[in-house]
Amino acid sequence: MKRMVFKSVAKLVADDPIEVFWLAGLVCNERNEWKVRTVYRNKRTGEIISSLEPIGMLPLLTLGTWFNFGELKTDNLPGEQVETIVPDVGRPEIITSADLPLELYPLPMGKAGNQRLFRYRTVKGDVLIPAIELVRVLFVRNRALALAMMRPAGLEQLYVPMELGQQDKVKLQFTKEMPKSAIGRDLAMNFAWIILDRDARKSWDSVLRNTTGQSYVLFDPPPIRNSIWAFRGIHHGNLWLVLELQSIQGRRLPVRTLEYGHPAFLKTISVGKGDGSDSGSRGSSSGEGKERPPEKEYDVDDGEGGSGSYRGAKTVDILSRRSAFENKVKVVKVKKEVERRRKKKEEGGKKPPRAKDSRVSQVTTGERASGGRLPPLEFKAISSVPLASMGDLEALDETVRHMRDTLPDVEFFMGLVALKQGPAVTRVGSSPRVAMVVTIRPSGRPPIILIDIERSGIAALSMMSMHFAEELPEDKIEAAVQKMLDGWAKAGGYWSSEVESALAKYCRCQRLPKVLIPRGGSATYGKGWAMRLTRKLGLEVMDD
């Protein structure tokens, strides 16, 4: 995850780290901008500090998340990892923050508001979750959705209206108000659930209706029966307080095939003669030329000046919950084909110099404003497990960062996936073992998937690369990756030759031994590892 420094948080305290201790509701200011009443706690002194943060920050604001000199930190978070079954999400008992025992969570008198929590009775005990946290998980996948949630008809600004209810196939067409870089399979499925499922849409609408004018957040949660929850929480006796809900299962999408598109999802087709090479597809493009290499850091202002156009939104991956739907849905990303006449290469075949990589980008989580100049910071959920579970996978994380630097025309997407529980090798102590899945998309070429598995208690293990022969729907690629991971677990911690053979019609599987050695030396060897991995994956020459 890119380094993000929030100026509004940095100015709250001089030297000490502070953590998000409580969210005390939403408030609309005199400029009609929604803010999150955020209660921070100094991690060294215990001092309580209140602040109003832009609602665009809500996707990041989980209890225990902390900041050091304003820099967002997601390691060493408080609480335990818990999994339980909630009988019916739509039938909670509503309590207030005043009902929380001090032994469970010592909320400060007069500064925590009178927030609403939902109580669910489970076999693990009584699970208490702040209403705002359940709202965040179900609806607020990114900044655009956070802004839309508290605006009348705000959701309709993000997509082209479509028929509701059970359907065989639907086309979800996003508008320009939804930044294209924030859209992926996960967001498309969750967005479709909100607008197509009648109970989900009623629940979304109830947030604005029940929260406006109140000092607390309240809504009518949708009926999701026998829902499996995975959360980070703390407990006292028989009570569990959810600090961060990481996964919620049991939902169903009322479609079999979901296609999603965006005005900027374009596929350029080169036509005409240029340097004598064949004309044809040249891969995907936004239609606006090559993008600049990704910035390494974001300085996030306090949101008071507002943001500029959504078109220039900067997107950063955040570790978040994985959407889990009970029914199988085929998800297809649709791109509009546009023709582009092939230009003749300049003498010598030299490429124009690349734009210099900016190390720090100035952005904002504030709302759109006529005088706003800073681009908005948008979020894209990529992972199902917290960063603290990475273990020695930090070596690959660091290596991919260097690969991004040297290959600015290649797209990289990373995510952590918890292995399906079964054989002993799928666990590390009492926690699920995790894998890092890196999707690599070279311009005009099929994707490459790189898989690395956390190695605690495992002797020798190669990384696995999957080179797909052609562009496949995202659900087929995901199914192939899951089959590979399941095969590894079934084989007792070894890559399965049987699975590799079964996937041969889709992709070429290549084991990559001893690429990142020694694992603890990523800071020293990261650049060298990136060069080695680039060669092994055949990415060193990216010319069309």
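**Close-up 1. Arg401 and Asp397 sit about one helical turn apart in helix α6.** The two residues are 4 apart within α6 (residues 394-406), so about one helical turn separates them. Helices here are DSSP runs of H or I with at least four residues, strands are E runs of at least two, and both are numbered from the N terminus. The side chains of Arg401 and Asp397 meet in a salt bridge at 3.2 Å, N to O; a salt bridge is a side-chain nitrogen of Lys or Arg within 4 Å of a carboxyl oxygen of Asp or Glu. Asp397 is buried at 10% relative accessibility, while Arg401 is partly exposed at 36%. (Buried means under 20% relative accessible area, exposed over 50%, and partly exposed in between, with a 1.4 Å probe and protein chains only.) This is a predicted model: local features need pLDDT of at least 70, side-chain atom pairs count only at pLDDT 80 or more, and totals for chains, interfaces and linings use all residues. Residues are numbered from 1 along each chain as its sequence is written, and side-chain values use heavy atoms, with hydrogens and water left out.

**Close-up 2. Arg511 and Glu500 link a strand to a helix.** Here the side chains of Arg511 and Glu500 form a salt bridge at 2.6 Å, N to O. Arg511 belongs to strand β30 (residues 507-512) and Glu500 to helix α8 (residues 497-502), so the pair ties together parts that are 11 residues apart in sequence. Glu500 is buried, at 16% relative accessible area, whereas Arg511 is partly exposed at 35%.

**Close-up 3. Arg121 and Asp126 belong to a salt-bridge network.** Glu93, Arg119, Arg121 and Asp126 are the linked residues. Asp126 is buried, with a relative accessible area of 9%.

Close-up 4. The 5 strands run in the order β24-β27-β28-β29-β30; strands pair if DSSP finds at least two bridges between them. At the edges are β24 (411-418) and β30, each pairing on one side only. The twist averages 20 degrees from one strand to the next. Strand β29 (residues 463-468) is joined to β30 by 6 bridges, and His467 stands opposite Arg508 in β30. Helix α6 lies across β24, β27 (434-441), β28 (448-453) and β29, at about 170 degrees to β24. Helix α7 (residues 474-490) lies across β24, β27, β28, β29 and β30, at about 30 degrees to β28. (Contact means heavy atoms within 4.5 Å; axes are lines fitted to C-alpha atoms, for helices over the stretch in contact, and angles run from 0 to 180 degrees between N-to-C directions.)

**Close-up 5. Three strands make an open parallel sheet.** The order is β11-β14-β20. β11 (169-173) and β20 (330-333) each have a single partner strand, so one side of each is left without a neighbour in the sheet. Ignoring direction, neighbouring strands are turned by 20 degrees against each other on average. Strand β14 (residues 257-261) pairs with β20 over 4 bridges in the parallel sense, and Leu258 stands opposite Val331 in β20.
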